[in-house]
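Reader: I am new to this structure and would be grateful for a close account of one part, the interface between the chains. Please then continue from there to the elements that can be linked to it.

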Amino acid sequence: MSETLAAPRQEQRSRRDELHRDFVEKVSGSLRYADDWSMPGMLHGVVVRATLPSARIVSIDTEQARLFPGVRAVLTAADVPHNVASEDPSGLGNDSVVMPVLAVDRVRYDGEPLALVAAETQEAAEAAAQLVVVDLEEIPGVFSVEAAMAPGAPAVHANGNEFVQWHVGRGDPDTAMEQAHLIVDETYHTQHVDHAYLEPESGIGWIDTDGVLTLRVSTQVIEHARELADILQLPQSKVRVIATFMGGGFGGKEDMTVEPHVALLAWKTQMPVRMVWSRQESLLARQKRHPLTMRYRTGVDASGRILAQDITIYGNAGAYPMLSARVLFASAAHACGPYQVEDVRIRSHAIFTNTVPTSAFRGFGAMQVVFAHEQQIEHIAERLGLPADQVRRINFVSRGVRRPSGETLDTEVSVEDCLDQVRSTLNSVPAAANGVRIGRGVACNMHPYGRNVFIADRASAWMGFEPDGTLVIRCGVTDLGAGQAASLVQIASEILGTTVGRTTVHIGDSALNPLAGGTFASRQLYMSGNAVEQVARELRDLLAPVAAGLLGTAIDELVWVDDTVSPRTRPDSKLELGELVRHAEGMGVMPYAHSTYHAETGSFDPKTGTGRTAPDYTYGAHGVEVEVDEATGLVKVLRYVACHDVGRIISRNRVEGQIQGAVAQGVGYALSEDILIEDGSNTTTLFANYLMPTAPQLPDIETIVLERHLGKGPLGARGIGEPPIGPVASAIASAIHDAVGVRLATLPMTPERVRGAIRANASTNATHTDEAAVR
Amino acid sequence: MNTVPITLRVNGRPVAASVTPNRPLVEVLRDEGRSMDVKVGCGEGVCGTCTVLLDGDPINSCLVFAVQADGAEITTVQGLTDPDEGLHPLKRAFAEHGAAQCGFCTPGMVLTAEWHLRRKRGASRDEIREWLKGNLCRCTGYTKIVDAIESYDRQMEESDV
């Protein structure tokens, strides 16, 4: 169920979700994912991993493993030409810390890769892996941010445990805080969670013709081909990455997973090598979401208007940086949410610990802070005795307002409309009344889409017609199931009138496609969509004069629809695209174009904490109704409504699907998902322990999609992949409070925690009652 | 370990294999059976992506040993076809309703739903959700999957009349 408030549009065709090929293949069962491929003579690769979180590597003896029948290679750190899996690219030139492909002399987290085995069968590879003798001397480690920050704490890396510190802010928050009528000082804690995409990390690598090392792998980023070349000390032109349609990504396939291992084994053996990670090793050792501890001091006047914010965020970066610097930057840059504040100080810190590295995951630091900034509003409202929505409305940002970083919001801000829509939808149905405790809550957010502007993002696309009038699009996007490929076809269709059935799109190949940048940061529609819109317009501009000449009309009278061109006033005079293209080529007008979309640029000064960050934002509001069982603490989500302004809908089903999927992940994040690490040992390594919502645990997720037409993406669209994951936890926390009067500040809000809070609250009340009686 | 010869039929096609007693059925289906539409998501029977029909009933093929399936009739999602339409209308409903995003859970979902729909018509949305509790989806939040199943149920209702 969804409603739109759309301006009248000339082209109606994008409203019809024509079935794109990949979706037909998915429902047929014929789509080949990364592990659905094999090559003759293919070997199987396995990773040997550390079983302690903090240790010195005394020795790794591979002799017995090498001798095992069927084994073709056993590699350790010494076999890696340039042993750098990642070297922090914070984008702002901070000190770098290297994450090796294979550990050299230290183990820094439970599950860290130590060696690689390739063998003729999976069984032989696994058996041989067991025969690798690893001698580790356990050394003291730090397993929490608190432990890592303590004086004299063991250092995870040479330069100490604080990896990076960001500052965003302006004005004079200390003086402004002194003027406050009320200061709300609260601390919030979030947990490690896993992407838990259903398709495991998988891929196959081989040496192709011309000696090109080729990988066919489930990845969000084909540009990693350059890093693989560097690891192997090959020319970058000699490595090719082909991204398969992923069985889910969510940021967990944004950093390399199997790629460096497969590349090394394939290169060493000169044979095709396949690797698939088990779910257990994925849950154990693949990067997670940053747990954040967020302390917010918010000063307000008597009406609830925010006068000052002083925010400190600590993120557990785990054993290696990966994308921690960028995640903690996003936390700082977006910590205040969609609320105005002139005097603000925000500091975020990424701290190393001897636990699994943390990196990109849908929301990327900017989603955890929503729990904090929304709960702050609720606290303010409660203590002032005002409705929370009123406090929100007093403080909402609007177009032209300056953010904590000093930059102004330059597109339409629709957060208040989103809140209105959610309220009226929630209120239209009375709350359930079945004898248990029911409550409702809302939350709002603004989530960045597109990479930070100081990164100078770009995406390229090639588009051309075959002589028969069918269209070819080449664009290096990767498709993680949100219709990245299909969207490009639809955008081209808007401009050129081509139909889905007569368009072929080639994606995800670093050798054969113009590079478009990876699928993350809610950037793909914005960047590759704009590139495709741009190149489609260039192609149309090339062909339009030819069409106008053939049809005897003016260029701006041409109507491009259903694979034909015709004059507006004579719609029956249809020129087939094939005929147009053949005429054009005959005149020397080549029917293809290549174009690069350059995102706007800007700069950010880390010293002053001011400058430009994201190019734009997607605004939203969510509302939820829950039922809380006081005896068990179990929270059941009864109703959920989510409203976002996406600028322009390219595909209704896909926009709604992104919202619903993100909300589902948010519900798991809010209530049940938790990677439990005890003394550095990750104990959550089975789906049986990692509790994601199943179908009966979610209601219908109602979506309200607004189209305000003023986004910076193609045709005015905004990114929608990440924004809907933000408001969920706070909306649910507020609903729990509405139901049973307790407010949790730690995620997930498991039954144990909810019940504990209810009991603590009850005994506090009982104590007060007793005291009152005594008096 | 010694191997045991087994034969089974996958979507009507005979498959022969020589398996160790501990070899999971899902491996035989994907390797000797060349049925790549059967997925491996967790290997512990939680996610449901390895769902197939064994002698007509849905099972997690990662939890069944191949030797237990000797002589069995296995149906995978590619075995679910419509002689008239080509694409089975339940699959078409999934595609049209946006019930498949990454598609990895889809084979298991479709098989499970179709099995239930043959046994119960006119189920409520909550009942449909109960049917799917053994099939995880990480992309869709399940709403559109329920939409697709409900729509196919109604569609069958209309063609029954």
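Author: Contact here stands for heavy atoms within 4.5 Å; on that basis, 51 residues of chain A are in contact with 43 residues of chain B. The model is predicted, so local features need pLDDT of at least 70 and side-chain atom pairs count only at pLDDT 80 or more, while totals for chains, interfaces and linings use all residues. Residues are numbered from 1 along each chain as its sequence is written, chains are lettered from A and ligands numbered from 1 in the order in which they are written, and side-chain values use heavy atoms, with hydrogens and water left out.

The size of an interface is often given as the accessible area lost when the parts come together. Buried area is accordingly the accessible area (1.4 Å probe) that two parts lose on being put together, summed over both. Between chain B and chain A this area is about 3700 Å², and carbon and sulfur atoms give 56% of the total.

Charged side chains also meet across this interface. A salt bridge requires a side-chain nitrogen of Lys or Arg within 4 Å of a carboxyl oxygen of Asp or Glu. One of the pairs between the chains is D36(A) with K39(B), whose closest N and O atoms are 2.8 Å apart.

A further pair is formed by the side chains of R125(B) and D700(A), at 2.8 Å from N to O. It crosses between chains, with R125(B) in helix α4 (residues 125-131) of chain B and D700(A) in the loop between β31 (681-682) and β32 of chain A. Helices (H or I, at least four residues) and strands (E, at least two) are DSSP runs numbered from the N terminus. In the terms used here, buried means under 20% relative accessible area and exposed over 50%, with partly exposed in between (1.4 Å probe, protein chains only). R125(B) is buried, at a relative accessible area of 17%, whereas D700(A), at 24%, is partly exposed.

Chain B also holds a salt bridge between E27(B) and R23(B), at 3.1 Å from N to O. E27(B) is partly exposed at 28% relative accessibility, and R23(B) is buried at 14%.

Two strands count as paired if DSSP finds at least two bridges between them. Strands β28 (residues 616-628) and β29 (residues 635-645) of chain A run antiparallel and are joined by nine bridges; V628(A) has V635(A) in β29(A) as its bridge partner.

Two pairs of cysteines deserve a remark. A disulfide is taken to be a pair of cysteine sulfur atoms within 2.5 Å, and the count over all chains is zero. The cysteine sulfur closest to that of C418(A) belongs to C643(A), and at 3.7 Å it is too far for a bond. C418(A) is buried, with a relative accessible area of 0%. In chain B, the sulfur of C102(B) has its closest cysteine sulfur in C139(B), and this distance of 3.7 Å is likewise too far for a bond. C102(B) is buried at a relative accessible area of 7%.
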